Amino acid sequence: MTRRLPAEWEAQSGVLLAWPHADSDWAELMHLVEPCVVEIATQISRFEPVLIVADKAERVRARLMVAGAEMERVRIAELPTNDTWARDFGPITVLADDGPLLLDFTFNGWGMKFAADRDNQVTRSLHAQGLLGEHALETLDMVLEGGSIESDGAGTILTTTACLLSPNRNPELSQADIEAALKEHLGAERVLWLGHGGLAGDDTDSHIDILARFVSEDTIVYMHRHDTDDEHYADLAAMREQLAGFTTAEGRPYKLVALPWPKAKQNRFGDLVAPSYANFLIINGAVLVPVYG
């Protein structure tokens, strides 16, 4: 069976969101974060279907109706979750010989940092309820988050060693083993490994989706810091040099586009968090981009 992991800019049948709730990271910020997620879901519904996992479906439906969401494109599944990061625990869809195939990798809370028992069940529950269509589901023991891999849609996967080789994800697998698994499960023809790049306060162990992203087969946008006194400068400069050394499958250097740097942010405990403009979402006809403040 041949497989291909589509690029994010290819046509989509929908987006999966998980709704914030009082037992998630957003416990003390629900009054701020819920209106933001309402707007995200509303905007997605203008362009394509959105499937929402929530603990209280009727509350979410009421909020979206008031916001003017295209409700005919909204489906809500009442399921328990630990948190909201559906890109990481939701299904990864590859295109196989017989059509879309849903891959349900294991999610363990970014290397067992946080509870993940509910999030790890979401894909199987949605599939069992028929909410992911009639596509086949393949459940895998390998730990892998969607935000840790980038695809150009043509066989190249971009990722980081810090994340995929972290000891609390797949300690029994070597780098060669993981690369072989990406080729087997995702249809990758080659894997580009970034050995540099990290943001203070990042719980993901350098997810690629906050560092560098494909926006076409030959273009990568990436986070860069121009301030030489900043703690990120050296490592991000080394990451840029590594990106500059990568070539496309045809042997041409990638076009590199630097993204601006958000000001440092702190959470409610005073700890640094990792703001990044690279953590965008491409949908059918639009791009949703993080903004700060």
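Helices (H or I, at least four residues) and strands (E, at least two) are DSSP runs, numbered from the N terminus. This is a predicted model: local features need pLDDT of at least 70, side-chain atom pairs count only at pLDDT 80 or more, and totals for chains, interfaces and linings use all residues. Residue numbers start from 1 along each chain as its sequence is written, and side-chain values use heavy atoms, with hydrogens and water left out.

**Close-up 1**
Helix α4 covers residues 109-112 and includes Trp-110. Phi of Trp-110 is near 55°, a positive value in a residue other than glycine. Trp-110 is buried because its relative accessibility is 8%; buried means under 20% relative accessible area, exposed over 50%, and partly exposed in between (1.4 Å probe, protein chains only). Met-112 also belongs to helix α4. Its phi is near 65°, again positive in a residue other than glycine. Met-112 has a relative accessible area of 58%, so it counts as exposed.

Asn-108 sits in the loop between β6 (99-106) and α4. With a relative accessible area of 14%, Asn-108 is buried. A polar atom of the Asn-108 side chain lies 3.0 Å from the backbone nitrogen of Gly-111. This is a polar contact, a pair of N or O atoms within 3.5 Å; within protein, one must be able to donate a hydrogen and the other to accept it, and residues adjacent in sequence count only if both atoms are side-chain atoms. Contacts in these legends mean heavy atoms within 4.5 Å. Not counting residues up to four places away in sequence, Asn-108 touches Lys-113, Phe-114, Ala-116, Val-143, Glu-145, Asn-168 and Arg-169.

Asn-170 lies in the loop between α6 (161-164) and α7 (175-186). Its relative accessible area is 5%, so Asn-170 is buried. The Asn-170 side chain reaches the backbone oxygen of Val-143 at 2.9 Å. Setting aside residues up to four places away in sequence, Asn-170 touches Met-142 and Val-143.

**Close-up 1. The cavity.**
The structure holds 1 cavity of 30 Å³ or more. On a 1 Å grid over the protein atoms alone, a cavity is a set of points where a 1.4 Å probe fits but cannot get out; a pocket is an open set with protein on both sides within 12 Å along at least five of seven lines; lining residues have an atom within 4 Å of a point. The largest cavity has a volume of about 40 Å³. Grid points are joined across faces, edges and corners, and a volume is the space filled by probe spheres set on the points. Met-142, Val-143, Leu-144, Glu-145, Ser-148, Cys-163, Leu-164, Arg-169, Asn-170 and Ile-178 line the largest cavity. The elements giving two or more residues to this lining are β7 (136-143) and α6. By class, the lining has 6 nonpolar, 2 polar and 2 charged residues. Ala, Val, Leu, Ile, Met, Phe, Trp, Tyr, Cys and Pro count as nonpolar, Asp, Glu, Lys and Arg as charged, and the others, Gly among them, as polar.

**Close-up 2. The second largest pocket.**
The second largest pocket has a volume of about 180 Å³. Its lining comprises 15 residues. Of these, His-232, Trp-261, Pro-262, Lys-263 and Ala-264 lie nearest the pocket centre. The lining divides into 9 nonpolar, 1 polar and 5 charged residues.

Thr-248 is placed in the loop between α8 (233-245) and β13 (255-259). Thr-248 is buried, because its relative accessible area is 5%. Leaving aside neighbours within four places in sequence, Thr-248 is in contact with Arg-190, Glu-217, Asp-218 and Tyr-254. C-alpha to C-alpha, Thr-248 and Thr-156 are 8.3 Å apart in space and 92 residues apart in sequence. Gly-133 is found in the loop between α5 (122-128) and β7. Gly-133 counts as partly exposed, at 37% relative accessibility. Gly-133 and Pro-100 are 33 residues apart in sequence, with 9.8 Å from C-alpha to C-alpha.

**Close-up 3. Cysteines.**
A disulfide is taken as a pair of cysteine sulfur atoms within 2.5 Å. By this rule the count is 0 disulfides. Cys-36 is partly exposed, at 43% relative accessibility. Cys-163 is buried, at 1% relative accessibility.
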